[in-house]
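Hello,

Here is the structure we talked about handing over. Please have a look at it first, then read the notes below.

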Amino acid sequence: VINTIHCGDSLTGVLGFWEDGAIKGNGKYFFINHNSKQYDIPTPYDSMIGVYNDSLNTTYWSFGSAGATYKANQLEQDNNAIKMSKSVKAKRAVSKSKGVYDNKKWDAVDAMKNDTAWITKTKDEELPSQLKGKKPEEKKMALDSAAKKRAFFSSQINRLNILREEFIRNNRPVTSERSLGMALVDAIHRQAMVKGYVFE
């Protein structure tokens, strides 16, 4: 499936064969105003999502020689997001709370989730400070506890994000212009529904 999105007016896109490409690719043709202003809508839920994100970060226990570097980068990206706005930090927190956010190569909790034997295969000196010097059963208990906390913080972020998205839908500026994001979501939803996917 090939979708085409022309940045400009529809006729120019058609004459430039953008529509033709979509038809031949069994996809959809869209055109958007690439100069339209995008609005960052603050919500009453952004701050609390940020608080849960900071709590979520405490469950990431870096290990190995490169672990500290990856952990520092995670925090740096959070700081970059908050410099932009609370809304951007909230979006980042939501992406981190999803199951696809996997850091098994530097985080002990994700490493254990992906390989239950990880704790027995990793040398004590390579473990995070939270686990060094502990007995095997103590290490497992500590990791289980961190994993449960992470699941809780993630669930709270996702719960608040549902309210956040609803607030944004109800407070989005009225405009007839379509953004690139709106065009992509529209195309993907239509094509997924043909395949039997259901969106709530």
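**What was found**

N26 counts as exposed, at 65% relative accessibility. Exposed means over 50% relative accessible area, buried means under 20%, and partly exposed is in between (1.4 Å probe, protein chains only). N26 lies in the loop between helix 2 and strand 2 (29–32). Its phi is positive, about 55°, although N26 is not a glycine.

Some ground rules. This is a predicted model: local features need pLDDT of at least 70, side-chain atom pairs count only at pLDDT 80 or more, and totals for chains, interfaces and linings use all residues. Residues are numbered from 1 along each chain as its sequence is written, and side-chain values use heavy atoms, with hydrogens and water left out.

F17 also has a positive phi, about 70° here, and is not a glycine. F17 sits in the loop between helix 1 (10–15) and helix 2 (18–24). With 59% relative accessibility, F17 counts as exposed.

**The chain as a whole**

The chain has 9 helices and 2 strands. Both kinds are DSSP runs numbered from the N terminus: helices are H or I with at least four residues, strands are E with at least two. From the N terminus on, the order is β-α-α-β-α-α-α-α-α-α-α.

What radius of gyration does the chain have? The value is 22 Å, whereas a compact globule of 200 residues would have one near 16 Å. The radius is taken over C-alpha atoms, and the globule rule is 2.2 Å times the number of residues to the power 0.38. Along the principal axes, the C-alpha atoms fill a box of roughly 70 × 40 × 30 Å.

Of the 200 residues, 36% count as buried. The chain exposes about 12,800 Å², and carbon and sulfur atoms supply 57% of that area. Accessible areas come from the Shrake-Rupley method with a 1.4 Å probe; for residues, only the protein chains shown count as cover.

Now contacts, meaning heavy atoms within 4.5 Å. Take those between residues at least 6 apart in sequence: 67% of them join residues at least 24 apart.

Charges next. There are 31 positive and 23 negative ones, and their mean positions are 2 Å apart. Lys and Arg count as positive, Asp and Glu as negative; His and the chain ends are not counted. Each charge is placed at NZ of Lys, CZ of Arg, CG of Asp or CD of Glu.

**Aromatic pairs**

How many aromatic pairs does the structure hold? It holds 8. Rings of Phe, Tyr and Trp (its six-membered ring) pair if their centres lie within 6.5 Å; planes under 30 degrees apart count as stacked, over 60 as edge-to-face and the rest as tilted.

Y29 and F31 form a tilted pair, 6.5 Å centre to centre with 35° between the planes. Y29 is buried, at 17% relative accessible area. F31 is partly exposed, at 40%.

Y60 and Y101 form an edge-to-face pair, 6.1 Å centre to centre with 85° between the planes. This pair links distant parts of the chain, 41 residues apart. Y60 is in the loop between helix 3 (46–57) and helix 4 (67–84), and Y101 is in the loop between helix 5 (86–96) and helix 6 (108–114). Both Y60 and Y101 are buried. They also belong to one aromatic cluster with Y70 and W106.

K71 is in helix 4. Is K71 buried or exposed? It counts as buried, because its relative accessibility is 15%. Leaving out residues up to four places away in sequence, K71 touches N57, Y60, S62 and W106. Q191 is 120 residues from K71 along the chain, and their C-alpha atoms are separated by 38 Å.

D46 is in helix 3. D46 is buried, with a relative accessible area of 4%. D46 and I157 are 111 residues apart in sequence, but 9.7 Å apart in space, C-alpha to C-alpha.

Helix 5 has these buried residues: S87, K89, A90, R92, A93, V94 and K96. What covers them includes helix 3, helix 4 and helix 8 (136–171).

Best wishes
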